[in-house]
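Hi,

Here is the structure I promised to pass on. Please open it alongside this email, and I will walk you through what turned up.

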Amino acid sequence: MKKAVIFDLDGTLSDSIASIKYSCDKALKTFCLGPFTEQQYKYFVGDGAENLVRRALIAGGDTYLAHFQEALTLYRDIFRENCMYHVKPYDGIPELIAALKKRGLKIAVLSNKPHAETVNVIETLFGKGCFDSIQGQRENVAIKPSPEGVFLILEEFGMTAEEILYLGDTATDMKTGKSAGAFTVGALWGFRDAAELQEGGADVLVEHPRQVLGLL
């Protein structure tokens, strides 16, 4: 019997690729690089802001990352102001969250998005206090695929890994969940495909949020 669900944010709870593209394209324009398509950004994201900017710069031809630090600072500043740009929850997510809360399960978010923006997105989309724990990228906590964030949530909830379900949409998420010892579910409505999720170690794949209820 599972007692909690830990969600990834971008590509799992929220369709947020437009906000990432808008902010990164705007930062890169300073260096006459980009823009890139949403599909390209779906493969730039997932491993924190530094890796996002690094991948975008390389794709734009800055293979020596000469503009990396300046571009990263610009991206963070722009994204801080635009993290809700065209962001919405995926179909079925609000209903899943309501069903989980009705069953008495705890729900948490673990994201590589900066912590302040993670909180902003979650509280804007779902309301303050809806989630029992929200963790974005913070200093002194290793980003995913390190399971460190999962362990912090488990400690907060007083639970073991066997008592949680971990849901995400990338190989990074699958590796995070598996490294923590959790039952790990790949979301096919997100940014990556089934092959990547399976290679990442997903225990099962789901095509719609309502299917998660059948796994608890």
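To start with, where do D77 and R80 lie, and how many residues apart are they? Both sit in helix α4, three residues apart, which is about one turn of the helix. Please keep in mind as you read on that this is a predicted model.

D77 and R80 are partners in a salt bridge, with 3.0 Å between their closest N and O atoms. With a relative accessibility of 38%, D77 counts as partly exposed. R80 is partly exposed too, its relative accessible area being 43%.

**Other salt bridges**

The structure holds 11 salt bridges. One of them pairs K113 with D10, and here the closest N and O atoms are 3.1 Å apart. K113 belongs to strand β4 (residues 106-114), while D10 is in the loop between β1 (4-7) and β2 (14-15), so this pair ties together parts that are 103 residues apart in sequence. Are these two residues buried or exposed? Buried is under 20% relative accessible area. K113 has 5% relative accessibility and therefore counts as buried. D10, at 14% relative accessibility, counts as buried as well.

Another salt bridge joins the side chains of D203 and K178, at 2.8 Å from N to O. This pair also links distant parts of the chain: D203 is in the loop between α9 (194-199) and β8 (204-206), K178 is in helix α8 (residues 171-180), and 25 residues separate them. D203 is partly exposed, with 37% relative accessibility, and K178 is partly exposed with a relative accessible area of 37%.

**How α3 meets α4**

Back to helix α4, which spans residues 68-82 and packs with helix α3 (residues 49-59). The angle between the two is about 120 degrees, and their axes are 10 Å apart. The two helices are therefore oblique to each other, and α3 passes α4 in a right-handed crossing.

Which residues make the contact? From α3 they are A49, E50, L52, V53, R54 and L57, and from α4 they are F68, A71, L72, Y75 and R76. Sorted by class, this contact has eight nonpolar residues, three charged ones and no polar ones.

Have a look when you get a moment, and happy browsing!

Best wishes

Terms used
Residues are numbered from 1 along each chain as its sequence is written. This is a predicted model: local features need pLDDT of at least 70, side-chain atom pairs count only at pLDDT 80 or more; totals for chains, interfaces and linings use all residues. Side-chain values use heavy atoms; hydrogens and water are left out. Axes are lines fitted to C-alpha atoms, for helices over the stretch in contact, and angles run from 0 to 180 degrees between N-to-C directions. Helices (H or I, at least four residues) and strands (E, at least two) are DSSP runs, numbered from the N terminus. Angles under 35 degrees count as roughly parallel, over 145 as roughly antiparallel, 65 to 115 as roughly perpendicular and the rest as oblique. A crossing is left-handed if the near helix is turned anticlockwise from the far one by less than a right angle, and right-handed if clockwise. Contact means heavy atoms within 4.5 Å. Ala, Val, Leu, Ile, Met, Phe, Trp, Tyr, Cys and Pro count as nonpolar, Asp, Glu, Lys and Arg as charged, and the others, Gly among them, as polar. A salt bridge is a side-chain nitrogen of Lys or Arg within 4 Å of a carboxyl oxygen of Asp or Glu. Buried means under 20% relative accessible area, exposed over 50%, partly exposed in between (1.4 Å probe, protein chains only).
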